[in-house]
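Dear colleague,

Please find below the structure that I am handing over to you, together with its sequence.

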Amino acid sequence: MNRDLPENAVNPVVVSEKVPHDADDPAIWVNHADHDGSMILGTDKHENGAVYVFDLQGRIIANKCVHGLQRPNNIDVEYGLLLNGKPVDIAVVTERMSGKLRVFTLPDMKAVDKGGIPVFTGERDNAPMGVALYKRKHDGAIYAVVSRKQGPVDGTYLWQYRLEDSGNGFVRASLVRKFGIWSGKKEIEAVAVDDRSGFVYYSDEGVGVRKYHADPDMKGGEKELALFATDGFTKDHEGIAVFSTTDGSVVIISDQGAGQLHLFRESGSASDGSKGVRRIGIVKTAAVDTDGIEASSVLSTAGFPAGILVAMSDDRTFQYYSLKDLGILP
């Protein structure tokens, strides 16, 4: 590292090569056949932006990167979407200036969206920012939960779309619900879904993190299940990462102004979502003004024996941390 670490801060295992403009949000694609061949995807948020793809050593994989995107904001990954009758993994990116979702297959990063899928159609506030993908357990249906730069306070800030094969190997999106309370104070960018528990979380910046059922067909799914992380933050609630452990799920929230991560244990289940979350710790990292974060406890390599957390840093890099170093897992 080229600067002194904050007191008690954890150093990353890897720092990626720099992107040209503005590193913003990471995603992790786990190569289940060869974990060492897994990839980190990160947005370069600019009017002539890109999705950069990195290996686990932080090196840019040039032939995987997607350029010419109009202010790509957030990105997420999901596994096993059926296209042409075959399961494929996908990355979905919000392209803010065009008002669209961009969809790419993994690991080849081939576009399967016919140039983009419009979202928030008919709305004045239609600039997408956050995105989180959800795969429903009982039928494998895949959904995208999308937030926007600004929105209403009437409980419809986020829109949820089902992603399916359009019939010719491209992805189409069908709107299935509108939900999500907003305080009206700042904005909602970070969204994350825990496939195992079936919860969706999003940051109401400056207020806290809100929790809902991710299944659009869940009875009472329009009701907020919890508002947590309401104290101890210096400025904004930013990136959210969720990953599974043997004891349940861990939700990580980026405290951007303080350079630290707040850790929470999820105690609820899909059948009893009213149960809350409890704070289990705070970790300082070397990343500067961290916005987007992502984590996986599935990926396991020599460098990341118990999983990985990736954090954006405002020096235009993405920093890779071992979950074991962060003290989250044994």
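In this predicted model, D215 and R136 form a salt bridge, with their closest N and O atoms 2.8 Å apart. D215 lies in the loop between β17 and β18, and R136 in the loop between β11 and β12, so the pair ties together parts that are 79 residues apart in sequence. D215 counts as buried at 12% relative accessibility, and R136 counts as buried at 5%. Both belong to a network of salt bridges that also links D139 and D217.

The count of salt bridges comes to 15. Among them is the pair R148 and E123, at 3.1 Å from N to O. This pair links distant parts of the chain: R148 is in strand β12, whereas E123 is in the loop between β10 and β11. R148 is buried, with a relative accessible area of 0%, while E123 is partly exposed at 29%.

Strand β12 also takes part in an open sheet of four antiparallel strands, in the order β11-β12-β13-β14. Because β11 and β14 stand at the edges with a single partner strand each, one side of each is left without a neighbour in the sheet. The twist averages 25° from one strand to the next. Five bridges join β12 to β13, and V145 has Q160 in β13 as its bridge partner.

Finally, the largest nonpolar core has 19 residues, and V92, L163 and V171 have the most contacts inside it. Strands that each supply at least two residues of this core include β11, β12 and β13. V92 is in contact with L163, and also with V131 and L133, among others.

Yours sincerely

Key
Residues are numbered from 1 along each chain as its sequence is written. This is a predicted model: local features need pLDDT of at least 70, side-chain atom pairs count only at pLDDT 80 or more; totals for chains, interfaces and linings use all residues. Side-chain values use heavy atoms; hydrogens and water are left out. A nonpolar core is a set of buried Ala, Val, Leu, Ile, Met, Phe, Trp, Tyr and Cys residues joined through side-chain atoms within 4.5 Å. Buried means under 20% relative accessible area, exposed over 50%, partly exposed in between (1.4 Å probe, protein chains only). Contact means heavy atoms within 4.5 Å. Two strands pair if DSSP finds at least two bridges between them. Axes are lines fitted to C-alpha atoms, for helices over the stretch in contact, and angles run from 0 to 180 degrees between N-to-C directions. A salt bridge is a side-chain nitrogen of Lys or Arg within 4 Å of a carboxyl oxygen of Asp or Glu. Lists of a residue's contacts leave out its neighbours within four places in sequence.
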